[in-house]
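Here is a model to look over.

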Amino acid sequence: MVLVGLFLLGLRIWYLRQEKFQYQVGQRVRITATVRGESIKVYQKLYLVIEEIAIEIPPSISVEYGDRLAITGTLISSVVKVKSAQFGLLQPHFQVIAHQQSVLAGVYKIRQRLIQGLTRWLPVDEAALDAGILLGGTEDMSSQLKLAFRRTGLSHIVAASGYNVTVVAGWTMLLFTRWFHRRLAIILGIGSIVLYVLLAGVTAAVVRAGIMSSSAWIGQLWGREADSLWLLGLAGWVMLMVNPAYASDIGFQLSMAATAGILWFRPAGDLWTSLAAQATTIPLILHHFGSLSVIAPLANLLLLWLVPPIMQVGAIGLVIGPVNWLVWPMLKLMTTTVIWLSSWSWSSWQVGQLSWWWVGAYYLVVILIGQIAKLKFQNYNSKL
Amino acid sequence: MNSLVMGLVLGAATIWGAVWTLPDNNLHVVVCDVGQGDAILVSLGTNQMLIDGGPDNSVLGCLARHMPFYDRQLEIMLMTHPQADHLNGLNFVAERYSVSYFIRSNVANTTVGFKKLIQVTAQVPQNFVTAGETIKISDGKTSVNFKIIWPTAEFVQQNSDRAVDLNDFGVSGILTFDSFDMLLTADADSRVEPAEIATRLLKEVEILKVPHHGSKTGMLPAWLDLVSPQMAVISVGKNNRYGHPTREALDLLSSRHIKTFRTDQNGDVEIISDGTKWRYNLQYGN
């Protein structure tokens with residue numbers, strides 16, 4: 001079955017290669033695309049990323065979610081590092097062809113409303129952190145705080161992750177099983193997970209977690225307990241089949257690696273869980289960013305316990321404004337501590353980017369050590 | 001039970017946080033570090049006047065640093081002139097804070113940012129100001145006055161529909177708290193300074209916000225000698241493409257032995273006065 005799956009995936013990628021347009025520097029291009037995500041801010045400038053092209057949005061133009069755009073310009077090699085963009089567009093000319101109303105655009109509006117609600121009650125960075133913990137994303141966060149989260153290895157807190165989905169799934173099941181038959185509760189639970197995934201901006205991490213939770217529940221309906229590692233593989237496979245571009249999405253890679261680490265090592269407690277996730281994401285972070293957060297274990301130990309209460313009280317704050325003032329002390333404690341920890345010069349080391357070969361070698365060693373440890377453990381058990 | 005305890009603990013923490021950030025009785029003027037642009041926060045007690053908003057949302061960080069977390073109201077938002085480096089940030093502010101009054105000079109611009117600001121502030125009472133008028137901020141016991149010295153009503157009337165540099169309309173004024181004075185100048189520079197002198201509204205002040213980010217055409221020596229500040233603050237962005245502040249401006253200030261701070265080097269520059277004495281507080285390099 002695994003082989004068939006891999007074969008299909010290979011076929012899908014080969015097919016994509018065939019239909020893919022080959023970009024060249026100097027080419028004059030006309031791109032039509034629909035805005036389906038956030039614009040990305042780099043050094044005070046806004047960018048849209050379409051396939052491998054990062055396009056700077058001039059301040060005189062306002063682009064909205066759901067806009068269908070026609071952009072013309074000349075391809076140049078990328079000047080700034082925006083996601084995995086290889087190209088930039090010289091003197092882009094924007095034209096809004098149409099505005100599409102869709103469910104996605106509607107949900108995106110709700111997301112904006114919710115975040116805007118927070119910003120009316122909390123100072124800018126605390127509001128951005130609260131929004132990041134609840135719904136993911138760092139749009140409004142000051143560059144200083146964003147950098148501090150990166151340096152302390154805590155960026156995962158503000159990227160809506162599998163953890164958020166697990167919490168949403170837990171809450172909704174707690175409510176729905178009280179009122180409905182189990183079968184109906186599961187269907188409603190899956191519905192609310194889909195809604196949350198949309199609200200969180202359909203990032204790789206929440207999609208992955210959404211697929212895993214949903215398929216675990218469906219398995220339960222059929223009376224089957226599924227192995228989580230298998231579910232992870234299934235989620236990854238489905239995502240790559242639907243959109244092979246996920247393979248180069250850093251969020252997808254980190255989310256898959258972190259979850260695999262946690263499921264494979266089966267750690268107990270917050271600290272070991274975050275250490276397990278760090279152990280399997282380190283080579284990817286080194287490959288993409290070239291920096292190693294030395295302080296990450298300590299930072300996670302000091303601050304992770306704040307995330308569940310911020311989520312609980314913060315979720316109420318999304319609906320009842322003044323409740324946000326009760327979240328404020330926790331948010332302020334977190335922003336202050338993160339900035340303090342990141343201000344130490346040794347908290348993050350710049351070690352240079354690792355090639356994919358080293359990443360592969362690292363995982364090979366981790367898997368070997370893991371297997372040997374497991375074998376030893378089994379021998380030990382059988383001797384007893 | 002558990003959630004009750006958590007609620008009580010958080011409630012207590014919030015109240016302590018509020019008490020900790022309770023404002024004093026002094027006047028606080030913060031020249032915010034917003035990059036290349038202007039944003040100046042004037043606070044007396046729980047009353048605030050924000051003069052300009054800088055080029056982007058970094059003004060929000062300055063407000064967060066210098067206002068209590070529970071104070072979500074700006075009593076006055078003043079826009080000196082409708083150019084991006086002074087107004088774009090006001091859009092972010094107007095979306096997040098409730099603004100009681102919006103004050104500006106009677107001149108428009110065609111940019112997206114300006115149109116958006118007019119849209120966002122449609123429900124806010126608006127006033128146009130000209131030289132000679134005074135904006136009064138009072139917390140009941142004491143009050144601070146902002147006397148407008150530029151532009152004059154005649155200047156606006158004669159030039160508002162002509163192609164005059166928008167900088168020339170920059171609302172400038174003297175902030176007075178008992179015997180303490182600070183001159184805020186927007187981007188109105190040496191082209192209009194002779195006319196400013198002619199209004200006879202200028203006087204000697206303790207502190208000057210240097211006109212137009214320290215541009216080459218910023219200050220006439222005669223104008224500076226009339227104002228004769230003890231300290232000057234330049235609101236300017238790191239490595240900006242205009243070369244601000246210019247050698248000329250810095251030399252002129254140092255030739256008069258005026259202690260000068262810059263937001264690109266010192267971050268937020270805060271000036272605190274009790275009405276007679278004053279002191280400053282820098283974000284970096286105190």
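**Helix packing, a pocket, a cavity**

By class, 20 nonpolar, six polar and one charged residues make up the lining of the second largest pocket. Nonpolar covers Ala, Val, Leu, Ile, Met, Phe, Trp, Tyr, Cys and Pro; charged covers Asp, Glu, Lys and Arg; the others, Gly among them, are polar. This is a predicted model: local features need pLDDT of at least 70, side-chain atom pairs count only at pLDDT 80 or more, and totals for chains, interfaces and linings use all residues. Residues are numbered from 1 along each chain as its sequence is written, chains are lettered from A and ligands numbered from 1 in the order in which they are written, and side-chain values use heavy atoms, without hydrogens and water.

Me: What volume does the second largest pocket have?

Reply: Its lining counts 27 residues, and A:W171, A:M311, A:Q312, A:A315 and A:I316 lie nearest its centre. α3, α6 (162-179), α7 (182-199) and α13 of chain A and α1 (2-20) of chain B each give the lining at least two residues. The volume of this pocket is about 860 Å³.

Me: Are α3(A) and α13(A) roughly parallel or roughly perpendicular to each other?

Reply: Helix α3 (residues 124-135) and helix α13 (residues 307-319) of chain A pack at an angle of about 100°, with axes 9 Å apart. Angles of 65 to 115 degrees count as roughly perpendicular. Therefore α3(A) and α13(A) are roughly perpendicular.

Me: Which residues of α3(A) make the contact with α14(A)?

Reply: α3(A) and helix α14 (residues 324-342) of chain A pack at about 95°, with their axes 9 Å apart. Contact means heavy atoms within 4.5 Å. On the α14(A) side the residues are A:N324, A:V327, A:W328, A:L331, A:K332, A:M334 and A:T335. On the α3(A) side they are A:E126, A:L129, A:D130 and A:I133.

Me: Is B:T246 buried or exposed?

Reply: B:T246 sits in the loop between β12 (231-234) and α8 (247-255) of chain B. Beyond its neighbours within four places in sequence, B:T246 contacts B:G214, B:S215 and B:K216. Its relative accessible area is 11%. Buried means under 20% (1.4 Å probe, protein chains only), so B:T246 is buried.

Me: What is the volume of the largest cavity?

Reply: A search of the whole structure finds one cavity of 30 Å³ or more. Its lining residues are B:D38, B:I40, B:I51, B:T80, B:V171, B:L184, B:T185, B:A186 and B:K209. Five are nonpolar, two polar and two charged. The volume is about 30 Å³.

How values were computed: Helix = DSSP H or I, 4+ residues; strand = E, 2+ residues; numbered from the N terminus. Buried < 20%, exposed > 50% of the residue type's maximum accessible area, 1.4 Å probe, protein only. 1 Å grid on protein atoms, 1.4 Å probe; cavity = no way out; pocket = protein on both sides within 12 Å on 5 of 7 lines; lining within 4 Å. Points joined across faces, edges and corners; volume = space filled by probe spheres on them. Axes fitted to C-alpha atoms, helices over the stretch in contact; angles between N-to-C directions. Parallel < 35°, antiparallel > 145°, perpendicular 65-115°, else oblique.
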